[in-house]
Amino acid sequence: MANVLTFDLGGTYIKYGLIDTEGHILHKNFMQTPSTLEDLLMFIKSKVLTYTNKEMKGIAVSAPSSVSEDGFIYGSSAIPYIHGPNIKHLIEKETGLATQVENDANCVGLAEVWKGSAKGKKDVCVVVIGTGIGGALIKNGIVHKGNTLHGGEFGYMILNPHNLSSGMNTFSEVASTYSIIKRVASEKQLEISSLTGEKIFTLADQGDKVCERAISEFITMLSIGIYNIQYALDPEIILIGGGISARDDLLLRLRKEIDRVVGMVDVATIVPRVDRCTFHADANMIGAVYHFLQRQKND
């Protein structure tokens, strides 16, 4: 069976591995992100040589920011040097292997459609909850990027128009892990750096009213954002991802709050079907491989 060498580019670490065309991870590891483009290319080439005895179809890359189909990565990220040059062509030139590059949130969505919670479904939205809100929009089984590569960028949606310019109005600002931290830090007059999402949930479990209220507000805003996505795009399922999605109580509370929100809108009859992503740390690599296989099939 053929394999794909895959890389997940992050600001601190690069995850890499060998995954077969059925989505099985044969080997994986990580290393600190190189400081220059030249070092990145040399690292990728070294991994090709490491797996030289394996049958490789090519290289799949998950990357931050807006990725075009021809291999350019627009916008900005924690890895400045990947923006500007054609990363796809540079890797192909350095390694001699066919290469495909895709946005990291889109890779999460593709992993779920291929082998995860959305397997067998064609129209899927993924909401990735982290420092901000990332997202992916899958239409007819493939990523829908839109006119300016911003398809699925749900974090930009305005959910609180009364607070425009206050830093607490977009989906990312009111329904991310960071939004919980910001609320608690403000009310308790603490430095944001002294708090984490995990710590706030622990304090809430212990009866801290400020933390309980911040989490409740977060879940309400997340529910409203999901409601908007459902009525704008009408997907078969909306999946939530990110570290916080692994909490056993979050999905139950979120579904209950979505029911409440839908019930408060007289004309609303569709209750979004919500579940959590199957894959976590490996999602970007698995989805990148599926994107590679889709592109190879269509080219």
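Good morning. I begin with the second largest pocket, whose lining comprises three nonpolar, three polar and four charged residues. Please bear in mind throughout that the structure is a predicted model.

The volume of this second largest pocket is about 210 Å³. Its lining consists of E69, E102, L110, I142, V143, K145, H291, Q294, R295 and N298. Which element gives the most to this lining? That element is α9, with four residues. Strand β10, residues 142-143, also supplies at least two residues, as does α9.

I turn now to the largest pocket, with a volume of about 1200 Å³. Its lining is made up of 40 residues, and those nearest the centre of the pocket are D104, V128, G130, G134 and N284. By class, the lining divides into 14 nonpolar, 22 polar and four charged residues. Several elements supply at least two lining residues each: the strands β1 (3-9), β2 (13-20), β8 (124-129) and β9 (133-139), together with the helices α3 (104-115) and α9 (283-298).

Two of those elements, α3 and α9, also pack against each other. How far apart are their axes, and at what angle do the helices pack? The axes are 7 Å apart, and the angle is about 80°. An angle of 65 to 115 degrees counts as roughly perpendicular, and α3 and α9 are therefore roughly perpendicular to each other. From α3, the contact involves D104, C107, V108, L110, A111 and W114. On the α9 side, the residues are A283, N284, I286, G287, A288, V289, Y290, H291, L293 and Q294. The contact as a whole contains eleven nonpolar residues, four polar and one charged.

In general, strands of a sheet pair through backbone hydrogen bonds, either parallel or antiparallel. Here, five strands form an open sheet with mixed pairing, in the order β10-β9-β8-β11-β12. Its edge strands are β10 and β12 (274-276), each of which pairs on one side only. The pairing of β9 with β10 is antiparallel and extends over two bridges.

Thank you for your attention.

How values were computed:
Residues numbered from 1 in each chain as written. Predicted model: local features only at pLDDT ≥ 70, side-chain atom pairs only at ≥ 80, totals over all residues. Heavy atoms only, no water. 1 Å grid on protein atoms, 1.4 Å probe; cavity = no way out; pocket = protein on both sides within 12 Å on 5 of 7 lines; lining within 4 Å. Points joined across faces, edges and corners; volume = space filled by probe spheres on them. Nonpolar A, V, L, I, M, F, W, Y, C, P; charged D, E, K, R; others polar. Pairing = 2+ DSSP bridges. Axes fitted to C-alpha atoms, helices over the stretch in contact; angles between N-to-C directions. Parallel < 35°, antiparallel > 145°, perpendicular 65-115°, else oblique. Contact = heavy atoms within 4.5 Å.
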